[in-house]
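Could you walk me through how to read a pocket and a sheet in a protein model? I'm new to this one.

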Amino acid sequence: MRLLEALNRVSLGQYTLLEKEIIGSQYCRLVFLAPSVAGAAQPGQFVMIYPPNAGVQKILPRPFSIFAADRETGQLTVFFRIIGTGTALLSLSEPGTELKIMGPLGKGFPVPPAGSLLVAGGIGMAPLVFLAASVKVELNFIYGVANSEQFSCPLDYINQPNLVLHEVTEDGSRGELGSAVDLFRRLLPRAEAVFACGPRTMLEIVARDCLDSGVAAWVSLEERMACGIGACRGCAVMTKNGYQRVCSDGPVFPVEEVFFHGRT
Ligand SMILES: Cc1cc2nc3c(=O)[nH]c(=O)nc-3n(C[C@H](O)[C@H](O)[C@H](O)COP(=O)(O)OP(=O)(O)OC[C@H]3O[C@@H](n4cnc5c(N)ncnc54)[C@H](O)[C@@H]3O)c2cc1C
Ligand code: FES
């Protein structure tokens, strides 16, 4: 019953892949013509994409944050790291192919006020790029990765005067030497609000420091997902409001609601 109700609420369609870009050895950017998804998408929401079949192998759809959505052209973009079977299959799709996409799904970010700090660890930059592109106010955007090889130049795709980009790598091979957390701690005292996506350990520190300093903050969580629409409970996490489904109650949560390991 829950599954049927959830399915009735979401849009599932076949959409044409318009453009594919492989970036370095690890990343892929796919642009689809998907007007109904792009027209309704809010920053922080995600889509479930069904990888094309490989022979008899059928695999579950995979969740990807919406990286860009253009209401006028109907174009929807996702940007992902190629790490396993599903992402490898998707990265092999060629323009002209039709792929099944469900979405937009989940609850996104609130509108960031001027002076907000966006903190992206690795591929966690994807939903934050869409968030940054959705407003005209001044924002600081921290983008931290391990080294220059993992750098995916996300901000090449948004050239906005409202954005101050702070690049940081753990080995100093690009931008500042250090971690996204180091920079976050330095910029937090001037932040009006914080929006973060990335590794769990980074989110935990962001949440704790924001709670300690009284700065409003939201994190986007990632869990393995099966249905993506709130029906299977496979993505449930413990929060202050009991178990919540990352796919339908999130993926964006205010930091005060999330339990990490400690008191947050
Ligand atoms: C809401 C949401 C938004 C996401 N947005 C993006 C995005 O914009 N760009 C992007 O690159 N990735 C994103 N991801 C992660 C992405 O869904 C996974 O990388 C993808 O499903 C892996 O599929 P695969 O078949 O290639 O890998 P698999 O073969 O399924 O797994 C390969 C390896 O990756 C690990 N893994 C797979 N999925 C996850 C996950 N969700 N969290 C942690 N570890 C995982 C597995 O444990 C395994 O070790 C998002 C995930 C969620 C839940
Ligand atoms: S993935 Fe099924 S409930 Fe979230």
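Q: What should I know before starting?
A: This is a predicted model, where local features need pLDDT of at least 70, side-chain atom pairs count only at pLDDT 80 or more, and totals for chains, interfaces and linings use all residues. Residues are numbered from 1 along each chain as its sequence is written.

Q: How much space lies in the largest pocket?
A: On a 1 Å grid over the protein atoms alone, a pocket is an open set of points where a 1.4 Å probe fits, with protein on both sides within 12 Å along at least five of seven lines; lining residues have an atom within 4 Å of a point. Here the largest pocket holds about 930 Å³, the space filled by probe spheres set on the points.

Q: Which residues lie nearest its centre?
A: Of 31 lining residues, those are Pro63, Phe64, Ile83, Glu222 and Glu223. Strand E4 (62–65) gives the largest share, 4 residues (strands are DSSP runs of at least two residues, helices of at least four, numbered from the N terminus).

Q: What is the strand order in the open sheet?
A: Strands pair if DSSP finds at least two bridges between them. The 7 strands run E4-E3-E7-E1-E2-E6-E5, with antiparallel pairing. E4 and strand E5 (68–70) are the edges, each pairing on one side only.

Q: How many bridges join strand E2 to E6?
A: There are 7, and the two strands run antiparallel. Leu30, for one, has Val78 in E6 as its bridge partner.

Terms used
Chains are lettered from A and ligands numbered from 1 in the order in which they are written. Side-chain values use heavy atoms; hydrogens and water are left out.
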